[in-house]
Structure formats: structure tokens, C-alpha cells
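The questions below ask how each label given to this model is reached. Each answer sets a value against the cut-off behind the label.

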Amino acid sequence: MSAVPCSAASPTGPVPGMSMFRWLEVLEKEFDKAFVDVDLLLGEIDPDQADITYEGRQKMTSLSSCFAQLCHKAQTVSQINHKLEAQLVDLKSELTETQAEKVVLDKEVHDQLLQLHAVQLQLHAKTGQNVDSGAIKAKLSVPSMEVLVSTARFCPSLCFSSHHHFRIFRETLKTI
């Protein structure tokens, strides 16, 4: 009897398109076939050399135990790898969504600042005050802008409505 060596069936590991679990299953079947073939060969040894047969079977039992442990560890690693790959896909998706929300929120903050600036200019024109746009820009302190931007950055999952942003800017306007 001649068994096909594992290396001949799959020399470089899993066949493309074959799952890791299926590949492990195929390797286990190949190992079992080779194990049975070697056991049969050991059975053909003369009864006078029973000590060789006994030693050979002990070594085969040890090999079988090691192979079973190796397969179990490989299966565990493969399962963990599969879970991590799924988590990575989810995290990449969340990152893409968060980045898109950030872009939208940054644009909305910018638009709201422009609207606030325009309203301030209109207010000053109605009250008769002659204020240039540079003075209004100076009143819009950098820390308040940083607070709004950091809020958008630290709470990316919250999608604020324009009304909410306008209320924040109105409150900011009152403090100026």
C-alpha cells in the first residue's frame, strides 16, 4: 500500500478558494490514511521483532497526539484570525463613516461661521455701527472655534442638526 504524501496533495498550504477549516479537515484525513498505512506495515513485520513493532506504534501514537494538538491550535488560530478580520472590516467601515461625518460637520461649522459673520455685519449695519469684518473675525475667538471643532471630532457618531449648530453659535454670539 502506498499513501499519497500530504506535500503532494497540497504542497503550499490551502488550495485557493478552500477555507482554512476545510483544508485542515483534508489534512487530517490524509494523516489518518497515512497512519493506517504505516500501522498496516508495522503489522507485516515478523512476530520475532515485536519490540520494533511496539516501539513503532508508540512513536505513531505520539505523532498522532502531536498532530491532533497542532490541528487544534491551528483551528483556534484560524478562528481568532477570522474574528479579527471581521472586526477589521467593521472598524474600517466605521472609520469611513466617521471620516465622512467629520467632513460634513467641518463644512457645516464653516458654513455656520460664515452665516454668523454675515448676521453680525447686518446687525452692525442696522445699529449704525461702522465695524469692519476684521473686528468681527477677531471677536470670534480661536478657543471657541476649537471647542466646536473638538466637539465634532470627539462626538463623531452624533450628527447635529443645523438648528442645534445655530443655537450653539447664537450662544457663542451672546458671549462676544
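Q: What pLDDT does the chain average, and what share of the residues score at least 70?
A: This is a predicted model. The chain averages a pLDDT of 77, and 64% of the residues score at least 70.

Q: Where in the chain is confidence lowest, and where is it highest?
A: The lowest mean, 47, belongs to helix α1 (residues 6-9), and the highest, 92, to α3.

Q: What secondary structure elements does the chain hold, and in what pattern?
A: The chain has 6 helices and 0 strands. Along the sequence the pattern reads α-α-α-α-α-α.

Q: How does the reach of helix α3 compare with the span expected at 1.5 Å a residue?
A: Helix α3 covers residues 50-127, which is 78 residues. From first C-alpha to last it reaches 113 Å, close to the expected 116 Å. The residue that follows α3 is Gly128, and its phi is positive, near 85°.

Q: Why is Thr53 called buried?
A: Buried means under 20% relative accessible area. Thr53 has 11%, so Thr53 is buried. Thr53 lies in helix α3, and beyond its neighbours within four places in sequence it is in contact with Leu42 and Ile45. Between Thr53 and Leu41 there are 12 residues of separation in sequence and 9.3 Å in space, C-alpha to C-alpha.

Q: How many disulfides does a search of the whole structure find?
A: The search finds 0. To count, a pair of cysteine sulfur atoms would have to lie within 2.5 Å.

Q: What makes up the largest nonpolar core?
A: This core has 6 residues: Trp23, Leu24, Leu27, Phe31, Phe67 and Cys71. Membership requires burial and side-chain atoms within 4.5 Å. The elements giving two or more residues to this core are α2 (20-43) and α3. Helix α2 gives the most, with 4 residues.

Q: Why is the pair of Phe31 and Phe67 called stacked?
A: Two rings pair if their centres lie within 6.5 Å, and planes under 30 degrees apart count as stacked. The ring centres of Phe31 and Phe67 are 4.2 Å apart and their planes are at 10°, so the pair is stacked. This pair links distant parts of the chain, with Phe31 in helix α2 and Phe67 in helix α3, 36 residues apart. Both Phe31 and Phe67 are buried.

Q: How many aromatic pairs does the structure hold, and which residues do ring pairs link into a cluster?
A: The structure holds 2 aromatic pairs. Ring pairs join Phe31, Phe35 and Phe67 into a cluster.

Q: What share of the chain counts as buried, and what share of its contacts with a separation of 6 or more comes from residues 24 or more positions apart?
A: Of the 176 residues of the chain, 19% count as buried. Among contacts with a separation of 6 or more, 63% come from residues 24 or more positions apart.

Key. Residues are numbered from 1 along each chain as its sequence is written. This is a predicted model: local features need pLDDT of at least 70, side-chain atom pairs count only at pLDDT 80 or more; totals for chains, interfaces and linings use all residues. Side-chain values use heavy atoms; hydrogens and water are left out. The expected span of a helix is 1.5 Å times one less than its number of residues. Buried means under 20% relative accessible area, exposed over 50%, partly exposed in between (1.4 Å probe, protein chains only). Rings of Phe, Tyr and Trp (its six-membered ring) pair if their centres lie within 6.5 Å; planes under 30 degrees apart count as stacked, over 60 as edge-to-face and the rest as tilted. pLDDT is the predictor's confidence in each residue, from 0 to 100. Contact means heavy atoms within 4.5 Å.
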